[in-house]
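Here is a structure to read feature by feature.

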Amino acid sequence: MPASTNGIFFPDGFLWGVATSAYQIEGAWNEDGKGESIWDRFSHAAGNIKNGDTGDVACDHYHRYKEDVALMKELGVQTYRFSVSWSRVLPKGKGVVNKTGLNFYKSLVDELLRSGIEPWVCLYHYDLPQALQDEGGWANLNIIRYFADYAELMGRELGDKVRRWVILNEPKFCAFFAPGTKNPELYLKVSHNLQLAQGKAVQTLRDVNRNFQIGTIIDLSAVHPISDAEKDRKAADNFDEWGNRWYIDPLFKGAYPPLARKMGLKPDQQDLDLIKQPLNFLGVNYYSRFLATHDPSDPVTEVRRVEKRTPTTATGWEIYPDGLYEVLMRLHKGYGNPTLYVTENGVAFEDNVTKEGSVQDDDRIVFLRDHLISVYRAIKGGVKVKGYSVWSFIDNFEWFDGYSPRFGLVHTDYQTQKRTPKKSYYWYKQVIANNGFAF
Ligand code: FCB
C-alpha cells in the first residue's frame with residue numbers, strides 16, 4: 001500500500017462495496033405471496049413517516065434488480081450487501097415457504113455472480129414478519145427458534161452460491177425499530193433476545209456449512225463529552241455503555257457493561273455463552289459522533305445528545321471522520337483485533353439533478369474521501385480492516401424520514417424510477433479501479 005503526499009492506496013485484496021436493505025429498495029410489498037412486515041404495517045399507519053411515505057414501491061428494485069446490478073457492475077464493486085425480506089420468503093415468518101420470494105433472491109444472487117460481484121446476504125435489516133410481531137416479536141423467546149429456522153432455510157437454499165453471511169444489521173436499531181421498544185423494559189428484553197437469536201443463528205449457519213464466512217454488523221459512534229466536567233464525562237460513558245458496549249461487549253467479552261445490570265438486565269451464563277460466538281468478521285457501520293451532556297431528565301443514563309451546528313448533513317448529523325478511525329482503533333485495541341469491514345458509511349445531502357441531467361454531489365465526495373482517510377490511518381495503525389462499503393448504492397426509503405434524505409451514489413427519480421449515477425458514483429468508480437485515490 002504505497003502512501004505518498006499525493007495519494008493513499010489500500011492493501012491488495014481490499015474489498016470495495018455498496019449496501020442496501022430489502023425494505024428500503026425492493027417495493028413489491030405485497031406481490032407474489034410476500035407477507036406483511038412490521039415496516040409495511042408501521043408505514044401504512046398515518047403519521048408515522050415523514051410526508052406519509054411508505055416502502056410500497058421504494059426503488060422498485062424487485063422488478064429492476066437487473067438494471068441495478070448492471071449499474072453496480074459498471075461501478076466496479078467487488079461486493080454487494082443486500083438483506084432478505086424475511087416475510088418475502090416466509091410470509092408468516094415460519095412454516096410455509098414462498099418459493100417465488102425465494103427465487104427472487106436466487107435470481108439476484110445469480111445476476112450478481114454473473115457480474116463478478118460477491119453477494120453478502122444479511123438476514124435481518126429491521127423488517128420482522130408482522131405475523132411474528134403479533135406473537136410478541138423479539139420480546140417472545142420463541143423468536144430465537146424462528147430466526148434460526150429462517151437462517152437455516154436461507155443457508156440451505158442460497159449456500160451453494162453465497163459464502164458470506166451477515167446475521168443482523170445494527171441490533172440497537174433492530175430493537176428501536178421494532179414497535180413498542182419505546183418502553184424501556186421491553187427494550188431490555190428485545191435487545192437481549194436479538195443477541196441471543198444472533199448467537200443461535202451463527203451456530204445454525206455453521207452447521208449448514210463450516211466454510212461460510214459469518215459476521216454481524218454493529219453501528220458504532222464516537223462518543224465524546226461536551227465538556228471536561230465530571231458530569232458530562234459520566235454522561236458520555238453512560239451513552240457509550242448503552243449505545244456501543246451493549247452490543248460489542250457481550251459479543252467479544254461475554255459480558256454486558258455495568259449499565260445493563262443497573263437497568264435490570266441480569267442474563268445467566270448460558271445466555272452470555274450463546275451470544276459470544278466466534279465470528280469470521282465484524283461489520284462496522286459508522287456515520288457520526290455523539291456529543292454527550294449531563295441531563296438528569298433521563299434517570300438512568302442521565303445523558304442528552306448535543307447537536308453540533310456545523311458542519312452537518314441533510315439529516316442533521318455532524319460530519320466527524322476522525323470518529324471512524326477512533327472506533328476502528330478501539331475494536332483493535334480493546335476487542336482482540338477482529339477482522340473488520342466498514343459495512344456502511346455515507347451521507348445524505350440535498351442532491352439535485354441539474355438541467356443537463358447530472359448530480360454534482362461534490363460534498364459527498366469530500367465526505368467519503370475523508371472517511372476513507374480514517375480507514376487508511378486505522379490500517380496503518382494495525383487494524384484489520386478488509387473492506388469498505390458505501391451506504392448506499394441508490395437513494396432509497398430512509399425509515400422515519402421517508403424519501404427526503406438521499407444517501408445514494410445513484411439518484412432515484414421516484415416518479416419515473418429513472419436512475420442517474422451521481423458525480424460521487426464516478427468518483428467511487430475511480431477509487432475502486434485504482435484501489436485508492438490521489439489527493
Ligand atoms: C443505518 C441503517 C441504514 C440506513 C442508514 C442511513 O443505520 O443501517 O438502513 O438507514 O443508517
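This is a predicted model: local features need pLDDT of at least 70, side-chain atom pairs count only at pLDDT 80 or more; totals for chains, interfaces and linings use all residues.

Q: Which residues are around the ligand?

A: Start with a distance shell, here heavy atoms within 4 Å. The shell holds Gln-24, His-125, Tyr-126, Asn-169, Glu-170, Asn-285, Tyr-287, Glu-344, Trp-391, Glu-398, Trp-399 and Phe-407.

Q: How much of the ligand does the protein bury?

A: Compare the ligand alone with the ligand in place. Alone, the ligand exposes 290 Å², and the protein buries 94% of that area.

Q: Where is Glu-170, and what does Glu-170 contact?

A: Glu-170 sits in the loop between β6 (164-169) and α8 (171-177). Beyond its neighbours within four places in sequence, Glu-170 is in contact with Tyr-126, Ile-217, Asp-219, Asn-285 and Glu-344. With Asn-285 there is a side-chain polar contact of 2.8 Å.

Q: Is Gly-283 buried or exposed?

A: Check the relative accessible area. Gly-283 has 0%, so this residue counts as buried. Gly-283 belongs to strand β9 (residues 281-285). Now ask what surrounds it. Apart from residues up to four places away in sequence, Gly-283 touches Thr-216, Ile-217, Ile-218, Tyr-341 and Thr-343. Take Tyr-341: it is 58 residues away along the chain, yet the C-alpha atoms are separated by 4.9 Å.

Q: What does Val-109 contact?

A: Val-109 lies in helix α5 (residues 99-114). Its relative accessibility is 1%, so Val-109 counts as buried. Leaving out neighbours within four places in sequence, its contacts are Phe-82, Pro-119, Leu-158, Lys-161 and Val-162.

Q: How many salt bridges does a search of the whole structure find?

A: The search finds 28.

Q: Which parts of the chain does the pair Glu-26 and Arg-88 link?

A: These two form a salt bridge with closest N and O atoms 2.9 Å apart. Glu-26 is in the loop between α1 (22-25) and α2 (38-44), and Arg-88 is in helix α4 (residues 86-89). The partners are 62 residues apart, so the pair links distant parts of the chain. Glu-26 is buried at 3% relative accessible area. Arg-88 is buried at 1%.

Q: How far apart are Glu-111 and Arg-114 in helix α5?

A: They are three residues apart, so about one helical turn separates them. They form a salt bridge, with closest N and O atoms 2.7 Å apart. Glu-111 is buried at 13% relative accessibility, whereas Arg-114 is exposed at 60%.

Q: Which residues join Asp-395 and Arg-406 in one network?

A: First, the pair itself. Asp-395 and Arg-406 meet in a salt bridge at 2.5 Å, N to O. Both lie in the loop between β13 (385-391) and β14 (410-412), so the bridge ties together parts eleven residues apart in sequence. Asp-395 and Arg-406 are buried. Salt bridges with shared partners then connect Asp-351, Asp-361, Arg-364, Asp-395, Arg-406 and Lys-422.

Q: What should I look for in the backbone?

A: Most residues other than glycine have a negative phi, and most peptide bonds are trans. Look for the exceptions. The peptide bond from Trp-391 to Ser-392 is cis, with omega near 10°. Ser-392 lies in the loop between β13 and β14.

Q: Where are Ala-28 and Trp-399, and what are their phi values?

A: Ala-28 is in the loop between α1 and α2, with a positive phi of about 45°. Trp-399 is in the loop between β13 and β14, with phi near 50°. Ala-28 is buried at 4% relative accessibility, and Trp-399 is buried at 5%.

Definitions and conventions
Residues are numbered from 1 along each chain as its sequence is written. Side-chain values use heavy atoms; hydrogens and water are left out. Helices (H or I, at least four residues) and strands (E, at least two) are DSSP runs, numbered from the N terminus. A polar contact is a pair of N or O atoms within 3.5 Å; within protein, one must be able to donate a hydrogen and the other to accept it, and residues adjacent in sequence count only if both atoms are side-chain atoms. Contact means heavy atoms within 4.5 Å. Accessible areas come from the Shrake-Rupley method with a 1.4 Å probe; for residues, only the protein chains shown count as cover. Buried means under 20% relative accessible area, exposed over 50%, partly exposed in between (1.4 Å probe, protein chains only). A salt bridge is a side-chain nitrogen of Lys or Arg within 4 Å of a carboxyl oxygen of Asp or Glu.
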